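Okay, thanks for coming, everyone. Have a look at the picture while I get going.

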Amino acid sequence: MAQALRIGLLGCGTVGTGVARILSEKAQQLARIAGRPLELCRVVVRDPSKSRDGAVPQHLLSTDPGTLCNDPLDVVVEVAGGTGAVRDAVLKCLGAGRDLVTANKALLAEYGPEIFEKARKHGRAIGFEAAVAGGIPIIRVITEGMVANRITAIQGILNGTSNYILSKMTDEGLNYADVLAEAQKLGYAEADPTLDVDGTDAAHKLSILAHLAFGVQPPLESIPRRGIDGIDAVDIRFASELGYTIRLLAESWNREGKLAMHVSPVLLRKQAPLAQVRGAYNAVALVGDAVEDTLYYGKGAGMLPTASSIVADLVDLAVSRERMVHRTGLLWPVGVSKEPAILPDTDLKSRFYLRLLLPDRPGIMAEVAGILATHRISIASVIQHESTGSPDSRVQMVIMTHEAPTSDFRMAVEEINRRGFAVLPVTHYPVAD
Ligand SMILES: NC(=O)c1ccc[n+]([C@@H]2O[C@H](COP(=O)([O-])OP(=O)(O)OC[C@H]3O[C@@H](n4cnc5c(N)ncnc54)[C@H](OP(=O)(O)O)[C@@H]3O)[C@@H](O)[C@H]2O)c1
């Protein structure tokens, strides 16, 4: 049999342990497919005394990232996370002639051009299937399966933590803080869940998908994002009453070379395929001009689902398959401005959900309707439950609009807030029909 593919791991926590386990438990199957053994030769961690689920022989452990450059290795799998010391280590490994496999979307979204330039300079390949949607092979779908298409739209549920929280709030009528606390206890949310719940993680992944699908390099700051951290259980209940469910969507559309992108909670009809994606699952819907609508679904995180994608990249490297995904020439080129032309708000249209907390007095509904009409927003339906009747009683009013330009809708919301008759600022979300 040919010489083994010699693998070093940078990091061996949740994902790294999964990679070590699959390499050990499926060694024969992988060697048969790759035509050579996949051999784990070095594992760099911070604390070598931690248990690694019995998946890593003690003699492979080191705390020195330099060993990944000095040991005889073919490929380094970066599953440490973060963008500081790990970025330096990755650049050094590429410089030392190692191929790279990484699950680190933040690293690619923020330093993709630099890392790919280094790989090109040293003739190395980079696999990153695990960086977006964990176990769903979405990178291969875009870079191989859909090459005959011009991709026109991406719509994804890309953050499992947010989807778990929203599903639980919907199914059990719980509030955000209680579900987050439970998700942290069960290991579905990090101790510091900020990047997951504020939409940043989904924006990182969307920027990678948009790069592959549309050939652009959207800076993270150019992606408008809202997370689920402000979601109120009352909006989930009203959405349900109207026949909708709320999901955190990462979306991008390509219209005649101009892009629209955002990460936002969106109301989806309960029957819509993405509305059925529950718990920590992910899904990505892609539209291609030849294939039309496609949908990919699976576990977006977790030890073995993520390791599954990493090992697929390792087998690709082992067989020297010049996978398009590894062709660093096409990915994150530097020196070429690939910043997307962004569609202005005036060109973007949507239906909208808005909820207002109003004093229960005559004429208030007409006042709201008047402001919406001034901004050419037409009302599709209204829900207003009776107030309790006490002197300071307030009413919740929920309005669904017909399709309107986003810029007009924003101006209407600003005006309602400015006029000061609503008790709280207006809550609003786009609606995808
Ligand atoms: N968890 C998932 O389901 C999932 C899914 C998709 C992608 N990812 C991505 O995969 C990466 C790893 O995630 P994870 O959940 O496996 O993280 P994790 O459980 O926190 O493990 C991180 C590992 O990296 C080691 N490490 C961190 N910084 C290091 C440094 N500077 N030098 C050496 N070792 C270092 C840690 O060492 P010690 O063990 O000694 O502390 C630990 O073994 C992240 O980029 C994450 O975004 C994770």
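I'll go through the domains, then the ligand shell, then some helix pairs.

Quick housekeeping: this is a predicted model, where local features need pLDDT of at least 70, side-chain atom pairs count only at pLDDT 80 or more, and totals for chains, interfaces and linings use all residues. Residues are numbered from 1 along each chain as its sequence is written.

So, domains. The protein chain is split into domain 1 (5-134), domain 2 (138-300) and domain 3 (345-432); those bounds come from an automatic or database domain assignment. Between the C-alpha centres of domain 1 and domain 3 there are 51 Å.

Now the ligand. Which residues come nearest to the ligand? They're Gly 11, Gly 13, Gly 81, Ala 103 and Ala 301, out of 24 residues around it. A residue is near a molecule if its C-beta atom, placed from the backbone, lies within 6 Å of it. By class, that shell has 12 nonpolar, 9 polar and 3 charged residues. Here Ala, Val, Leu, Ile, Met, Phe, Trp, Tyr, Cys and Pro count as nonpolar, Asp, Glu, Lys and Arg as charged, and the others, Gly among them, as polar.

Two helices to find in the shell are H1 (14-25) and H4 (85-95), each supplying at least two residues. H1 gives the most, with 3 residues. Helices are DSSP runs (H or I, at least four residues), numbered from the N terminus.

Stay with H4, and look at helix H5 (residues 105-121): their axes come within 10 Å and cross at roughly 20°. That makes H4 roughly parallel to H5. Axes are lines fitted to C-alpha atoms, for helices over the stretch in contact, and angles run from 0 to 180 degrees between N-to-C directions. Angles under 35 degrees count as roughly parallel, over 145 as roughly antiparallel, 65 to 115 as roughly perpendicular and the rest as oblique. On the H4 side, Val 86, Arg 87, Val 90, Leu 91, Leu 94 and Gly 95 meet Leu 107, Tyr 111, Ile 115, Lys 118 and Ala 119 of H5. Contact means C-beta atoms, placed from the backbone, within 7 Å. This one has 8 nonpolar, 1 polar and 2 charged residues.

H5 also packs on helix H10 (residues 200-214), at about 60° with the axes 9 Å apart, so H5 and H10 are oblique to each other. Lys 105, Ala 106, Leu 108 and Ala 109 of H5 meet His 204, Lys 205, Ser 207 and Ile 208 of H10. Sorted by class, that's 4 nonpolar, 2 polar and 2 charged.

Last pair: helix H13 (residues 364-374) and helix H14 (residues 406-419), with axes 9 Å apart at an angle of about 145°. Val 368, Ile 371 and Leu 372 of H13 touch Ala 412, Glu 415 and Ile 416 of H14.

Note on methods: Contact = placed C-beta atoms within 7 Å.
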